[in-house]
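Open the model in your viewer and keep the sequence panel beside it. The stops below are given in the order in which to select them.

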Amino acid sequence: MLVSLVPAHAGSERLGMLDTLQPGAWELRLREIGSQPQRICVPNGRTLIQLRHQADACSRLVIGESASEVTVQYTCRGRGYGRTRIRRETAQLVQIDSQGIADGLPFEFSAEARRVGACGT
């Protein structure tokens with residue numbers, strides 16, 4: 001069995017499900033006791049892949065993709081790596097599971113992200 005591993009770039013046709021998510025302000029609710037909701041500006045759904053490496057330029061590899069779910073592994077040279085699964089419920093609601101290494105420390109989280117309006121409001 002031959003598997004093609006092609007990096008996902010912003011302009012590629014892959015990750016189309018993420019392009020169906022509405023841009024704007026999204027509220028991120030981590031499934032951890034005592035965590036407070038966070039608001040983030042999401043210019044496009046691909047932003048949700050690298051929540052622990054937001055400002056980093058990272059290479060991405062699409063591990064799995066369907067009409068309602070994507071799994072992406074990414075590597076940020078010298079900064080860490082991660083693997084994120086995003087499941088779309090609607091264009092304004094997704095479930096996120098992510099794990100990896102950021103700044104030399106492991107991370108793992110599950111969250112619900114919901115669009116709550118426009119950025120800056």
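Helices (H or I, at least four residues) and strands (E, at least two) are DSSP runs, numbered from the N terminus. This is a predicted model, in which local features need pLDDT of at least 70, side-chain atom pairs count only at pLDDT 80 or more, and totals for chains, interfaces and linings use all residues. Residues are numbered from 1 along each chain as its sequence is written, and side-chain values use heavy atoms, with hydrogens and water left out.

**Stop 1: Thr84**

Select Thr84, which lies in strand E5 (residues 80-90). Is Thr84 buried or exposed? Its relative accessibility is 1%, so Thr84 counts as buried; buried means under 20% relative accessible area, exposed over 50%, partly exposed in between (1.4 Å probe, protein chains only).

The side chains of Thr84 and Ser98 make a polar contact at 2.9 Å. A polar contact is a pair of N or O atoms within 3.5 Å; within protein, one must be able to donate a hydrogen and the other to accept it, and residues adjacent in sequence count only if both atoms are side-chain atoms.

With neighbours within four places in sequence left aside, the residues in contact with Thr84 include Leu48, Val70, Tyr74 and Ile96.

**Stop 2**

Select Ile86. Not counting residues up to four places away in sequence, Ile86 touches Met17, Leu18, Leu48, Val94 and Ile96, among others.

The largest nonpolar core has 26 residues, of which Leu18, Leu48, Ile86, Val94 and Ile96 touch the most other members. Such a core is a set of buried Ala, Val, Leu, Ile, Met, Phe, Trp, Tyr and Cys residues joined through side-chain atoms within 4.5 Å. Elements that each supply at least two residues of this core include helix H1 (16-19), strand E1 (24-30) and strand E6 (93-102).

**Stop 3: the disulfides**

How many disulfides does the rule give? With a disulfide taken as a pair of cysteine sulfur atoms within 2.5 Å, the count comes to 2.

Select Cys41 and Cys119, whose sulfur atoms are 2.0 Å apart. The link is right-handed, with 100° about the S-S bond. Cys41 is in strand E2 (residues 38-42) and Cys119 in the segment after strand E7 (105-117), 78 residues apart.

Then select Cys58 and Cys76, joined with an S to S distance of 1.9 Å. This link is also right-handed, at 95°. Both Cys58 and Cys76 are buried.

Technical notes. Contact = heavy atoms within 4.5 Å.
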